[in-house]
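Please look over the sequence and the model below before reading on. The paragraphs that follow go through them part by part.

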Amino acid sequence: MEDSAHKAVVQESFTRQAEVYAVTPTVADPSRIERLIEAVDPAPESRVLEVACGPGFLALAFAARCREAVGLDLTDAPLAIAEKNRQERGLANARFQRGDADRLLFADGEFDVAVCRFAFHHFEEPGRVLREMARVCRPQGKVAVEDLVSSEHRARGDYQNRFERLRDPSHTRALAPSELLALFTAAGLEVERLYSGELVQNLERWLANSQTPPDRAAEVRALIERDGREDLSGTCPYLEDGQWFFRHGTLAVVARNLRRSAGV
Ligand SMILES: C[S@@+](CC[C@H](N)C(=O)[O-])C[C@H]1O[C@@H](n2cnc3c(N)ncnc32)[C@H](O)[C@@H]1O
């Protein structure tokens, strides 16, 4: 595993957040998971890799309908929750292991499907991770990513990414939709399906989940409340019954691996 200061930050953050993250309604939401699986449309004999699997809900849902699912994550605490979830569901064809998305310790073309959800905004080099996902996926197999996205207008996207990083330093950058799509093309992946969505966030609950220290939480509040008055990021903050809410835009992209043979 390649160490970096950022990876240590990711591990610290997701060790601290593991329990709360695993019970966040949008994370476990079966309809959101089903939508992504339907878009991927895996064959029953598929071997599926979930990169940065966290508590493993997506990998387990694939395991329930495919031959095998492997979930990989940098952080032990969410992996332990994923394993507990696996045992509770009695799925013998799923396994979870520690690993780094930057360097997948799998052979070329080992999987029929490689997926990653809600994690690209934590990666230092998302293009590198996508190329790794394409490498371990067989020719003509499916590669899918769902993630938060930011505005196509760079200054507005930067405003969102600034308050995201203040709230959770493991956040690197939510890409704009066109940037995510360009990474697919550069990795030799042909986009077949895409859909957008949103997650409505209650600001105080969102800050509590990340256990952001009070001084930084105050800065985040100030940035989001200003955004609500001046429309600065595209996350559309609004005040309802005395509480601030804002919107995370999401994009899911499902693509076919254009490589003709493994290793090419
Ligand atoms: C927001 S959680 C997403 C979990 C899960 N995919 C889901 O859909 O709920 C992000 C996860 O990415 C993992 N992660 C971040 N960087 C990683 C890397 N370089 N390699 C593997 N996992 C990584 C973190 O440990 C964390 O569990």
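In which helix is N209 found? N209 is in helix α10; helices here are DSSP runs of H or I with at least four residues, strands are DSSP runs of E with at least two, and both are numbered from the N terminus. Residues are numbered from 1 along each chain as its sequence is written. The model is predicted, so local features need pLDDT of at least 70 and side-chain atom pairs count only at pLDDT 80 or more, while totals for chains, interfaces and linings use all residues.

N209 counts as partly exposed because it has 17 C-beta neighbours inside 10 Å. On this scale a residue is buried if 20 or more other C-beta atoms lie within 10 Å of its own, exposed if 12 or fewer, and partly exposed in between, with the C-beta atoms placed from the backbone. Leaving aside neighbours within four places in sequence, N209 is in contact with Q17, V20, Y21 and T24; contact means that the C-beta atoms of two residues, placed from the backbone, lie within 7 Å. A114 is 95 residues away from N209 in sequence, and the two are 28 Å apart in space, C-alpha to C-alpha.

Which residues of α11 are buried? They are V220, L223, I224 and D227. They cover an arc of only 95° around the axis, which puts them on the same side of α11; the arc is that of the directions from the helix axis to the C-beta atoms. On the other side of α11, the exposed residues are P214, D215, A222, R229 and E230. The length of the helix can be checked too. The 17 residues of α11 (residues 214–230) should span 24 Å at 1.5 Å a residue, and the end C-alpha atoms are 24 Å apart, which agrees. The expected span is 1.5 Å times one less than the number of residues.

Just after α11 comes D231, with a positive phi of about 55°, although D231 is not a glycine. D231 lies in the loop between α11 and β7 (238–240), and it counts as exposed because it has 12 C-beta neighbours inside 10 Å. C236 lies in the loop between α11 and β7 as well. C236 is not a glycine either, yet its phi is positive, at about 50°. With 14 C-beta neighbours inside 10 Å, C236 counts as partly exposed.

Next come the strands. In β1 (residues 47–51), five of the five residues are buried, so this strand is largely enclosed by the rest of the structure. Both faces of β1 are covered, with R47, L49 and V51 buried on one side and V48 and E50 on the other. Which strands pair with β1? Five bridges join β1 to β2 (residues 68–73), and the two run parallel; strands pair if DSSP finds at least two bridges between them. V51 stands opposite L72 in β2. Four bridges join β1 to β4, again parallel, and here V48 has V113 as its bridge partner.

Strand β4 (residues 111–117) is mostly covered, as seven of its seven residues are buried. Six bridges join β4 to β5 (residues 137–149), which runs parallel to it. Within this pairing, the bridge partner of C116 is V145 in β5.

The 12 residues of helix α1 should span 16 Å at 1.5 Å a residue, and the end C-alpha atoms are 17 Å apart, which agrees. The buried residues of α1 are K7, V10 and F14. They cover an arc of only 55° around the axis, which puts them on the same side of α1. A5 and A8 are exposed on the other side. Among the elements that cover the buried residues of α1 are α2 (18–22) and α6 (76–89).

The largest share of the shell around the ligand, three residues, comes from α1 (residues 5–16). Of the 20 residues around the ligand, A52, G54, T75, A101 and R117 come nearest; a residue counts as near if its C-beta atom, placed from the backbone, lies within 6 Å. What kinds of residue make up this shell? There are 12 nonpolar, three polar and five charged residues. Here Ala, Val, Leu, Ile, Met, Phe, Trp, Tyr, Cys and Pro count as nonpolar, Asp, Glu, Lys and Arg as charged, and the others, Gly among them, as polar.
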